[in-house]
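Reader: Could you take me through this model feature by feature, giving the general idea before each case?

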Amino acid sequence: MSSSAEAVSHKFLKSPLTVGIIGAAFSGGQPRGGVEQGPARLVEHGLIDQIKSLGWNVDFDEKFPTYENLKPEAEEDRVHGILKNVAHVAHVTKSVAESVEKVVKSGALALTLGGDHSLAMGTVGGSARVHKNVGVIWVDAHADINTPLTTDTGNLHGCPVSFLMGLKGTENIRGFEWLPPCLPKNRIVYIGLRDVDAPEKRILKENNIKAFSMHDVDKHGIGTIVQKAIDYLGADSPIHLSFDVDALDPTVAPATGTPVRGGLTFREGHYICEALFETGNLVAVDIMEVNPLLGEQTYVMQTLQIGCSLARAAMGETLL
């Protein structure tokens with residue numbers, strides 16, 4: 001395993017290079033159980049030692065929270081209509097935001113292992129408390145930008161970006177008072193979209209949000225797309241990479257809750273992480289939606305391997 005971690009000039013990280021790992025064992029943003037087991041399984045798969053072998057110090061508490069203590073009485077959510085598990089998601093994402101903020105403020109790289117993608121309200125929210133101009137690269141099959149007014153499922157893992165932006169309908173949702181709008185519409189770039197709801201398409205177009213679908217990846221190639229994303233955010237922008245493994249084709253990462261055919265290849269996914277690391281601008285990385293309970297064991301092991309290797313690529317692992 002080869003690393004260029006020390007060869008890159010890191011603009012926002014202190015020396016010695018340190019990764020602060022947040023294990024976010026949470027599945028309350030969607031209905032499928034198992035994704036809360038992703039963080040522990042990634043660690044069991046050797047992720048900590050793999051990161052250390054790349055030259056990083058690792059700050060990690062193996063007794064990471066399960067957030068059961070933050071689960072409220074169910075009836076509290078009834079006031080929010082179609083939205084599900086609002087209070088629980090709100091409490092957990094607030095806790096995650098505090099953890100990510102602490103890591104990023106210390107000058108370490110925040111690596112959050114999920115858990116479902118509703119957690120990004122906390123991870124990006126935490127990064128934005130430290131870096132007001134943080135740019136987000138959101139790698140996902142889905143836009144996750146439905147609002148409480150447009151969602152047809154009520155699952156909050158499909159809504160985190162709208163909450164981060166403060167879009168219409170997200171205001172005055174009890175429990176989310178801690179999350180003011182912190183992600184301007186020109187501070188996010190999507191890569192890998194291919195399953196976007198009609199209301200989400202309208203939101204993306206009306207707000208002129210930068211989004212590269214799989215059609216764009218096919219047309220221009222992943223190298224050009226990633227460079228366009230970096231250029232759009234700016235050469236000096238701190239970068240938060242939020243990577244949902246369902247951005248990858250299901251043949252690559254099958255053990256995830258909402259797989260969609262026609263996704264990124266193994267190398268395309270890893271290239272994104274490698275190229276963003278090379279900028280020296282990364283301040284936070286999310287690896288989300290690994291679900292060890294979905295699929296046969298070979299599929300689970302394959303997806304765990306992918307989750308670990310994506311993280312390593314974002315930490316400077318090189319092919320040569």
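Author: In helix α6 (residues 198–206), the buried residues are P199, E200, I203 and L204, where buried means under 20% relative accessible area, exposed over 50%, and partly exposed in between, with a 1.4 Å probe and protein chains only. Helices (H or I, at least four residues) and strands (E, at least two) are DSSP runs, numbered from the N terminus. These four residues lie on the same side of α6, because they cover an arc of only 140° around the axis, the arc being that of the directions from the helix axis to the C-beta atoms.

Reader: Which exposed residues does the face of α6 turned away from its buried side carry?

Author: That face carries K205 and E206, both exposed. What covers the buried residues of α6 includes β6 (188–193), contact meaning heavy atoms within 4.5 Å. Just after α6, N208 adopts a positive phi of about 55°.

Reader: How should I read the confidence and the conventions?

Author: This is a predicted model, in which local features need pLDDT of at least 70 and side-chain atom pairs count only at pLDDT 80 or more, while totals for chains, interfaces and linings use all residues. Residues are numbered from 1 along each chain as its sequence is written, and side-chain values use heavy atoms, with hydrogens and water left out. The pLDDT is the predictor's confidence in each residue, from 0 to 100; the chain averages 95, and 97% of the residues score at least 70. Where pLDDT is low, the predicted coordinates should not be read in detail.

Reader: How many salt bridges does the count come to, and which residue forms one with E101?

Author: A salt bridge is a side-chain nitrogen of Lys or Arg within 4 Å of a carboxyl oxygen of Asp or Glu, and by this rule the count comes to 5. E101 pairs with R129, the closest N and O atoms being 3.0 Å apart. This pair links distant parts of the chain, with E101 in helix α3 (residues 86–105) and R129 in helix α4 (residues 120–130), 28 residues apart. E101 is buried at 18% relative accessible area, whereas R129 is partly exposed at 27%.

Reader: Where is the salt bridge of R312, and is R312 buried or exposed?

Author: The side chains of R312 and E317 meet in a salt bridge, 3.1 Å from N to O. R312 is buried, at 14% relative accessible area, and E317 is buried, at 17%. Elsewhere, salt bridges that share partners join E101, K105 and R129 into one network.
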